[in-house]
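Thanks for coming, everyone. I have one structure to walk through today. Please bring it up on your screens.

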Amino acid sequence: MPKHQPSTRPRDSEASKARLLKAATDEFAARGIAGARVDRIGAAAEVNKALIYTYFGNKEQLFDAVMDAHVARILDEVPFTPEDLPGYAGHLFDFLLANPHQLRLATWHRLERSGTDHEPQGLGTSMRQKTAAITQAQTDGLLTASFTPEDLLVFTLALAGAWMPTSPMATNEQAAEQTRQHRDAVVEAVRRLVAGTPTAEAF
């Protein structure tokens, strides 16, 4: 009697979902939610577009799933180091440079999902934890108390993303040396920020 062969359907479903998330990332990053087309996403993923509704519900929920995945990835791959905010800014700069879709998706989320009941999974908790960690570092004398914890966090995040392709100040093509200089400048700017006082070189 032949042995029962286990179904490959769950594995196929996970592979299809992964391909849809990858295709949706490219589509949403380029066009946002309103401009994205489910037929393009399905074709790029080589999956029947009807499965988008089966797996994710609708186009907005697919976008939310993409955001959740990208937030989880950045939280996992860029550990927060409140005792070394300049180093954190440098690592975040590297991650954003290697993953240009990250900021584009965040921008579309602010533009098209603001005011909805969806917050990227883990983002609010992460921001609160980071703020609390900065507060403790200030109490321990590791960071300046010249700025509120919220300001220090927001300024650090803003500086890390200032030279990304989504920034209006960034050029389309940047040489490796220029990118390195921008990274060094970001790290130095955050170092001066957390020191709380300008250095002599600033004058």
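Which residues of α6 are buried? Gln 102, Leu 105 and His 109 are the buried ones. They cover an arc of only 70° around the axis, so they sit on the same side of α6. Turn to the face of α6 that points away from this buried side. There you find Arg 110 and Leu 111, both exposed.

One caveat before I go on. This is a predicted model.

Stay with α6 for its geometry. The helix has twelve residues, 101-112. At 1.5 Å a residue they should span 16 Å, and the end C-alpha atoms are 16 Å apart, so expectation and model agree.

Now, what touches that buried side? Look at His 70, in helix α4. Leaving out residues up to four places away in sequence, His 70 touches Thr 25, Gln 102 and Leu 105. Two residues from the buried set of α6, Gln 102 and Leu 105, have come up again. His 70 has a relative accessible area of 14%, and buried means under 20%, so His 70 is buried as well.

Let me step back to the whole chain. How many helices and how many strands are there? Nine helices, zero strands. From the N terminus the order is simply α-α-α-α-α-α-α-α-α. The chain has 203 residues, and 36% of them are buried. Take the contacts with a separation of 6 or more. Residues 24 or more positions apart account for 65% of those.

Next, the cores. The largest nonpolar core has 21 residues. Leu 85, Leu 92, Ile 134 and Leu 143 touch the most other members. Which elements give two or more residues to it? They are α5 (85-98), α7 (123-139), α8 (149-160) and α9 (176-195). α5 gives the most, with seven residues.

Pick Ile 134 and list its partners, again not counting residues up to four places away. Ile 134 touches Phe 80, Pro 82, Leu 85, Leu 143, Pro 149, Leu 152 and Leu 153.

Pro 149 is in helix α8. Is it buried or exposed? Its relative accessible area is 14%, so Pro 149 is buried. Beyond its neighbours within four places in sequence, Pro 149 contacts Thr 131, Ile 134, Thr 135 and Gln 138. Pro 149 and Ala 133 are 16 residues apart in sequence, and 8.6 Å apart in space, C-alpha to C-alpha.

On to α9. Its 20 residues should span 28 Å at 1.5 Å a residue. The end C-alpha atoms are 29 Å apart, which agrees. The buried residues here are Thr 179, His 182, Val 186, Val 190, Leu 193 and Val 194. Their arc around the axis is only 100°, so they lie on the same side of α9. And what do they pack against? α5 and α8. After α9 comes Gly 196, with a positive phi, near 85°.

Speaking of phi, one loop deserves a look. Glu 46 lies between α2 (38-45) and α3 (50-56). Its phi is positive, about 55°, although Glu 46 is not a glycine. Most residues other than glycine have a negative phi. Glu 46 has a relative accessible area of 69%, so it is exposed.

Another loop, between α7 and α8, holds Gly 141. At 59% relative accessibility, Gly 141 counts as exposed. Gly 141 and Glu 83 are 58 residues apart along the chain, yet their C-alpha atoms are separated by 9.8 Å.

Last item, the largest pocket. How much space lies in it? About 790 Å³. It is lined by 25 residues. The closest to its centre are Leu 103, Ala 106, Arg 110, Leu 123 and Leu 157. α4 (59-77), α5, α6, α7 and α8 each supply at least two residues of the lining. Which helix gives the most? α6, with six residues. That brings us back to where we started. Arg 110, one of the residues closest to the pocket centre, is also on the face of α6 turned away from its buried side.

How values were computed:
Residues numbered from 1 in each chain as written. Predicted model: local features only at pLDDT ≥ 70, side-chain atom pairs only at ≥ 80, totals over all residues. Heavy atoms only, no water. Core = buried A, V, L, I, M, F, W, Y, C linked by side-chain atoms within 4.5 Å. Buried < 20%, exposed > 50% of the residue type's maximum accessible area, 1.4 Å probe, protein only. Helix = DSSP H or I, 4+ residues; strand = E, 2+ residues; numbered from the N terminus. Contact = heavy atoms within 4.5 Å. Expected span 1.5 Å × (residues − 1). Arc of directions from axis to C-beta. 1 Å grid on protein atoms, 1.4 Å probe; cavity = no way out; pocket = protein on both sides within 12 Å on 5 of 7 lines; lining within 4 Å. Points joined across faces, edges and corners; volume = space filled by probe spheres on them.
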